[in-house]
Amino acid sequence: MEAYATVLTYAIPGFVLLILIESIAAKMMGMQVNRAMDTISSLCSGMTNTLKSLLGLSVVILSYEWMVNQFALFTIESSLALYVITFIGLDFAGYWSHRFNHTINIMWNRHVIHHSSEEFNLSCALRQTISSFVGVYFFLYIPLAIIGVPVMVIAITSPLHLFAQFWYHTRLIDRMGFLEQIIVTPSHHRVHHAINPIYVDKNYSEIFIIWDKWFGTFQEELKDEAPVYGTLKQSNTWNPIIINFMHVWMLAQDAWRTQNWVDKFKIWFMPTGWRPEDVKSKYPVQIVEHVDTRQKYDTPASIPLQAWSWFQLIFHNVLIYFILSNITEFSFQHICLYVIFLMVSIFAFTTVMDKHDLAIPVEVIKTVIGVTILSFLGAWFLMDSIIPGFTIIMSIYLIMSFIMTIYFIKFERSDMPVEVQL
């Protein structure tokens, strides 16, 4: 956990810097690639993923360390060639896990957050899941275990493989010549994120595009077919926590409602989007049928609401960066308290962005948690040692956040054009 937190203290500023560079470059090129609320939602999703990781809430059925101890046929010394082989092996496993996530109903819930943005930019790359609690793809790593790739090599290579998938989430880079035949490029990945019928469920590769070409899932970006981004069932919320569980909630409702007992079990493992016939007719779900007329989800946001949302994002990033930088000073109980508060807080202010009444009761819960922490600890954890007087700042923040939530929900709600579906 300490090593992971240390890596993130370097990675997060790098991601933010690249997002800013992309935004500036887009303006210079006369393009709009970001919308304020969408970008904030994406960055909040990245924060929730980080917080979930700090709690270690993933259950691994079979650990890689156990598999390599049981299955290894060779003992391999660390070398550059070994890291290259490992990187390729991880990419092969990544292709298939990615493909399973797209094509099996229950697995789609692990990945839907990543596709939920209706923009395509570097910030949407940070929309990462908090809904995957069980490591089900352990079998894809058996080949690496058989040849004896050490655990430490996997531990070093995995973050590099993940971070190498960040850069190609952009519309600013066009075709890349001969590299289009070798690696996943922005053009390839724009296809993957598109909901145009010709593009759906294509280009699953993560680093090397060769897997799609070998396994029949490659699709080139067509000049006369501009990608339309998002999901066929629109999320219609800025709240990343809700988006993470929307699909599994729909599956659970369908499994409960269907009268066919076979379908109650079958629905979880059928192709993504499959629903029992009796439920489909009685409880229709709105799906995008004509991508060229699809309207993006949006909520009217006054300048004060936008400013407040940006402030909330920055403030929460400071709080997260603090725990990442000082993780060794926190007990597990304090980490849990910290994470619970931040999760509830992110839920609250992204629901304010939706202008949904649910924001007020959640803000009340957040305030109660915050006041309780301050009362029992006598300070906001260890932050006064970094920023003198931060406990007072935190107290003022809790009061101000409560007041602003009431204001935006009660006094700016009148300009809400559509009902937000939560």
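The questions below concern the nonpolar cores and aromatic pairs of a predicted model.

User: What do the numbers and values rest on?
Analyst: Residues are numbered from 1 along each chain as its sequence is written, and side-chain values use heavy atoms, with hydrogens and water left out. Because the model is predicted, local features need pLDDT of at least 70 and side-chain atom pairs count only at pLDDT 80 or more, while totals for chains, interfaces and linings use all residues.

User: Why is F15 called buried?
Analyst: Buried means under 20% relative accessible area, exposed means over 50%, and partly exposed lies in between (1.4 Å probe, protein chains only). F15 has 15% relative accessibility, so F15 counts as buried.

User: What makes F163 buried or exposed, or something in between?
Analyst: F163 has 27% relative accessibility, so F163 counts as partly exposed.

User: Why is the pair of F15 and F163 called edge-to-face?
Analyst: Rings of Phe, Tyr and Trp (its six-membered ring) pair if their centres lie within 6.5 Å; planes under 30 degrees apart count as stacked, over 60 as edge-to-face and the rest as tilted. The centres of F15 and F163 are 5.6 Å apart with 75° between the planes, so the pair is edge-to-face. By this rule there are 36 aromatic pairs.

User: What does the pair of F15 and F163 tie together?
Analyst: Helices are DSSP runs (H or I, at least four residues), numbered from the N terminus. F15 lies in helix α1 and F163 in helix α8 (residues 151-163), so the pair ties together parts 148 residues apart in sequence.

User: Why is the pair of F138 and F139 edge-to-face?
Analyst: Their ring centres are 6.1 Å apart and their planes stand at 85°, so this pair is edge-to-face. F138, at 21% relative accessibility, counts as partly exposed, and F139, at 37%, counts as partly exposed.

User: What makes a set of residues a nonpolar core?
Analyst: A nonpolar core is a set of buried Ala, Val, Leu, Ile, Met, Phe, Trp, Tyr and Cys residues joined through side-chain atoms within 4.5 Å. The largest such core has 63 residues, of which L319, Y338 and W380 touch the most other members. Helix α15 (332-353) is among those that each supply at least two residues, and the largest share, 13 residues, comes from α15.

User: How do you know that the charged end of K213 sits over the ring of F218?
Analyst: A charge sits over a ring if NZ of Lys or CZ of Arg is within 6 Å of the ring centre and within 35 degrees of the ring normal. The charged end of K213 is 4.8 Å from the centre of the F218 ring. K264 likewise lies over the face of W261, at 5.2 Å from the ring centre.
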